[in-house]
Amino acid sequence: MNCIFELSSFSFVTKKGDTTFGDYRGVTTPILEALRSMGAKEATSGGRNDLYMGDKKFSGNAMYTKKGRTYSHGTLMYDVDLTVLDKVLTVSKEKIASKATQSVPKSVTNVKPYLAPQFQAPTIEAFRDELICHIYQVNSLKEISDKKLELTDEDRQGIQKLVDKRYANDDWVYGQAPNFEFNQRTRLADVGIVDVHLSTEKGKISAIQFFGDFFGTKDIEGLEEILQGVTYKYETIKDALEGVDVSEYIFNFSNQALLDLLMK
């Protein structure tokens, strides 16, 4: 099975005046031309900020301007397991009521099947290198080595500082998430009905209640208090339950079963 993570991404950084903000067709032209030269003749731009193979989307793009620079960024689905992708992105309307912007479902596809056989690289890294060569119209990465930007120790320290402050910081990452309400219910023969209702604010569980006909030796309110204020993320919920025996609150219900229920 292909890995769900077999995708690549690209970014272009230009002076603010050199790129028209919102001109996604302009900034993605090098990518499209490279893909076409690799055999993907159907590669084209479409919609507001997407790239397509025929009528199927394989790339989404975004752009922003800061400190005199315009940054454009896009993804490339190279060899993603589309069956897994569909499960990950499909959410039941009954499960989540969110204030987030609703996405419009679109047919998606991978880049790999559209490439000429000699360019269907076995790994995402090999595809990346081949794509770069076609963008620069060279036969080897060595031919563009003089155009590569070498990071200094100061650059690397600055990058790590930014990672620590933002991108590896759960409060920053999940704090940007839209508030939502979640309801999930399960029924097991040796447990009974377990029905959970929760709400989040800034990525954390702001309210949670359990309902059902299950039994327990401890009051369920105790479990609710443990989960209150926890970041709505598998790892942090798992950590919050460390040392907790969920079956004391919901008889015959394991910690893993609760994690599965909360993260469905």
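Trainee: Where is T231 placed?

Mentor: T231 sits in the loop between α6 and α7; helices (H or I, at least four residues) and strands (E, at least two) are DSSP runs, numbered from the N terminus. We are looking at a predicted model, where local features need pLDDT of at least 70, side-chain atom pairs count only at pLDDT 80 or more, and totals for chains, interfaces and linings use all residues. Residues are numbered from 1 along each chain as its sequence is written, and side-chain values use heavy atoms, leaving out hydrogens and water.

Trainee: Why is T231 called buried?

Mentor: Its relative accessible area is 10%. Buried means under 20%, exposed over 50% and partly exposed in between (1.4 Å probe, protein chains only), so T231 counts as buried.

Trainee: Which residues is T231 in contact with, leaving aside neighbours within four places in sequence?

Mentor: Y174, G203, K204, T236 and I237. Contact means heavy atoms within 4.5 Å.

Trainee: Let's look at α6. How do you know that its buried residues are on the same side?

Mentor: The buried residues of α6 (220-227) are I220, L223, E224 and L227. Their arc around the axis is only 100 degrees, so they lie on the same side of α6; the arc is taken from the directions from the helix axis to the C-beta atoms. They pack against β9 (204-212), α7 (234-240) and α8 (255-262). Just after α6, G229 has a positive phi of about 85 degrees.

Trainee: What makes α1 roughly perpendicular to α3?

Mentor: Helix α1 (24-37) and helix α3 (124-136) pack at about 105 degrees, their axes 9 Å apart. Axes are lines fitted to C-alpha atoms, for helices over the stretch in contact, and angles run from 0 to 180 degrees between N-to-C directions. Under 35 degrees is roughly parallel, over 145 roughly antiparallel, 65 to 115 roughly perpendicular and the rest oblique, which makes α1 roughly perpendicular to α3. P30, I31, A34, L35 and S37 of α1 meet F127, L131, H134 and I135 of α3.

Trainee: How do you know that β3 and β4 pair, and how many bridges join them?

Mentor: There are 4 bridges between β3 (50-53) and β4 (56-66), which run antiparallel. Pairing takes at least two bridges found by DSSP, so the 4 here qualify. In one of them, L51 has S59 of β4 as its partner.

Trainee: Why are β1 and β2 said to stand at the edges?

Mentor: The open sheet of 5 strands has the order β1-β5-β4-β3-β2, with antiparallel pairing. β1 (7-15) and β2 (43-46) each have a single partner strand, so one side of each has no neighbour in the sheet.
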